[in-house]
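Have a look at the model first, and then we will walk through some of its parts together.

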Amino acid sequence: MPTSEFKARRALFAEQLPDNSITLVFAGQEVTRSNDTEYLFCQDKSFFYLTGFPEPDAVLMIEKVNGSVSSTLFCLAKDPFAEVWHGKRIGCEVAKEQFGFDTAYSLDDIDSVVEDALANKHSLCYCQGHNPQHDDQVYTWLAQVKAKVRQGISAPNSLVNCQPIIEELRLIKSDAELDVMRKVSIISGGAHLRAMEKTQVGMFEYQIEAELLHEFARNGARFAAYNSIVAGGNNANTLHYTDNSGMLKDGDLLLIDAGGELAGYAADITRTFPINGKFTPEQRTLYQLVLDAQMAAINAIKPGANLGQLNDICQHILTEGLLNLGILKGDLSQLIADKACKQYFIHGLGHWLGLDVHDVGDYQMKDKRQTRSFQPGMVMTIEPGLYIPAGDQNVDQKWRGLGIRIEDNIVVTEQGFENLSEQVPKSVDDIERTMQNAKR
Ligand SMILES: [Mn+2]
């Protein structure tokens, strides 16, 4: 993504900051996995959104004085000894040049520079409560400035949480962001296709996980956006199943919820298909019901619609279907009013998608009384599911142990919607044909 994109984001962000203010946005930190090894570093997504800067521990400072805005980056200093061990650091000079900041300093200088910048500002903006260490750091700097009161220096007396400003910006994707999200969806869809083609009775779930990771990385999305869920049979009824250690059994379904990450952006796709390539009549019936609900919800997406309406559409279809199959019993309108289908559709219909897989952004309108209206550039998942645990004594034996979810990634457009993951086989016929045609 070009530097101009990040500069434009900082400009939009700064427009909404109070005047005579200083804003601090912190990068992510390395996290210890065990002893002296770390997890793969993941940049703080809001910091990344505003900077594109990939290194840990950095800090972005934005000053806005009389309407004029300047941006400063603090980053790790070049250090030949450390770089031999841990890899190249970008360093201040290159950071300023390539990432488009007005100034860049070594982190060694941050205390004095920030304290000087805080002097006589009215507001201090940062993401409060995000990380206790950062809160402590900010209060320490503030205390240092307050101690200079006898020198005639005043400290900011207004603390502003700037997280909601960043979240609202992140919610509406730019064209450049949508391009990346299209690419990561295509790569991730390819991984789901590969998984369908490679699946065989007797394999282990983690072997299918390996196929997904291979296909992500092979195509440039080197890492998964979240831990892949590869859940055979009744394992699909554990919603966040990531154990992935079970053996794939003849006659069971396989639920895969997985997406790659590309340039920071996530895909989040789920498909459910028969391990042996052929749906049983019960599997087919329940699968078709989830698919009908999913398609109806997706087709209702357009500017002005909202997740509440989509939920109503989806729950109506699921409730009617479950009633017809005898899984729910009673009066249709009463069951709908009681949200009876939530017994088997146990999670939300979807969520925002972007730099985070469960992306930021408020789900409510400003008055909090209604789910917010869709606008072009929002990206969300639509992922209804039905889950009937193996031990559910309330339903006929033949339904027990089925867990089904179907999830696509949808952009709201001026005309309606664009389904980023529609290329992954989804209809019963397409899935069965794909699996028959695979040389398994
Ligand atoms: Mn999801």
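A residue is called buried when its relative accessible area is under 20%, exposed when that area is over 50%, and partly exposed in between, using a 1.4 Å probe and protein chains only. What you see is a predicted model, where local features need pLDDT of at least 70, side-chain atom pairs count only at pLDDT 80 or more, and totals for chains, interfaces and linings use all residues. Residues are numbered from 1 along each chain as its sequence is written, and side-chain values use heavy atoms, with hydrogens and water left out.

**The whole chain**

- The chain has 13 helices and 19 strands; helices (H or I, at least four residues) and strands (E, at least two) are DSSP runs, numbered from the N terminus.
- The C-alpha trace spans about 80 × 50 × 40 Å along its principal axes.
- The chain has 440 residues, and 51% of them count as buried.
- Contact means heavy atoms within 4.5 Å.
- If you take the contacts between residues at least 6 apart in sequence, 71% join residues at least 24 apart.

**Serine 185 in helix H8**

- Serine 185 has its place in helix H8.
- Serine 185 counts as buried because its relative accessibility is 1%.
- Which residues does serine 185 contact, leaving aside its neighbours within four places in sequence? They are Ala267, Ile269, Asn409, Leu420, Ser421 and Gln423.

- Helix H9 runs over residues 205-218, which makes 14 residues.
- From first C-alpha to last, H9 reaches 20 Å, close to the 20 Å expected at 1.5 Å a residue; the expected span is 1.5 Å times one less than the number of residues.
- The buried residues of H9 are Glu205, Ile208, Glu211, Leu212, Glu215 and Phe216.
- They cover an arc of only 130° around the axis, so they sit on the same side of H9; the arc is that of the directions from the helix axis to the C-beta atoms.
- An α-helix has 3.6 residues a turn, so residues three or four places apart point the same way.
- The cover over the buried residues of H9 includes helix H8 (175-198), strand E9 (223-224), strand E10 (229-232), strand E11 (253-258) and strand E12 (260-262).
- After H9 comes glycine 220, with a positive phi near 105°.

**Two pairs of helices**

- Two packed helices are described by the angle between their axes and the distance between the axes.
- Axes are lines fitted to C-alpha atoms, for helices over the stretch in contact, and angles run from 0 to 180 degrees between N-to-C directions.
- The axes of H8 and helix H13 (residues 428-437) cross at roughly 60° and come within 8 Å.
- H8 and H13 are therefore oblique to each other; angles under 35 degrees count as roughly parallel, over 145 as roughly antiparallel, 65 to 115 as roughly perpendicular and the rest as oblique.
- The crossing of H8 and H13 is right-handed; a crossing is left-handed if the near helix is turned anticlockwise from the far one by less than a right angle, and right-handed if clockwise.
- Leu193, Met196 and Glu197 of H8 make this contact with Ile431, Thr434 and Met435 of H13.
- H1 and helix H7 (residues 163-171) pack at about 130°, with their axes 10 Å apart.
- That angle makes H1 oblique to H7, and the crossing of H1 and H7 is right-handed.
- Arg9, Leu12 and Phe13 in H1 meet Ile165, Ile166 and Leu169 in H7.
- Buried in H7 are Gln163, Ile165, Ile166, Leu169, Arg170 and Leu171.
- These buried residues of H7 pack against H1, helix H2 (45-51), strand E8 (158-161) and strand E15 (379-382).

**Two asparagines in loops**

- Asparagine 20 is in the loop between helix H1 (3-15) and strand E1 (21-26).
- Asparagine 20 is not a glycine, yet its phi is positive, about 55°.
- Asparagine 244, in the loop between E10 and E11, also has a positive phi, about 50°, although it is not a glycine.
- Are these asparagines buried or partly exposed? Asparagine 20 is partly exposed, with a relative accessible area of 28%, whereas asparagine 244 is buried, at 1%.
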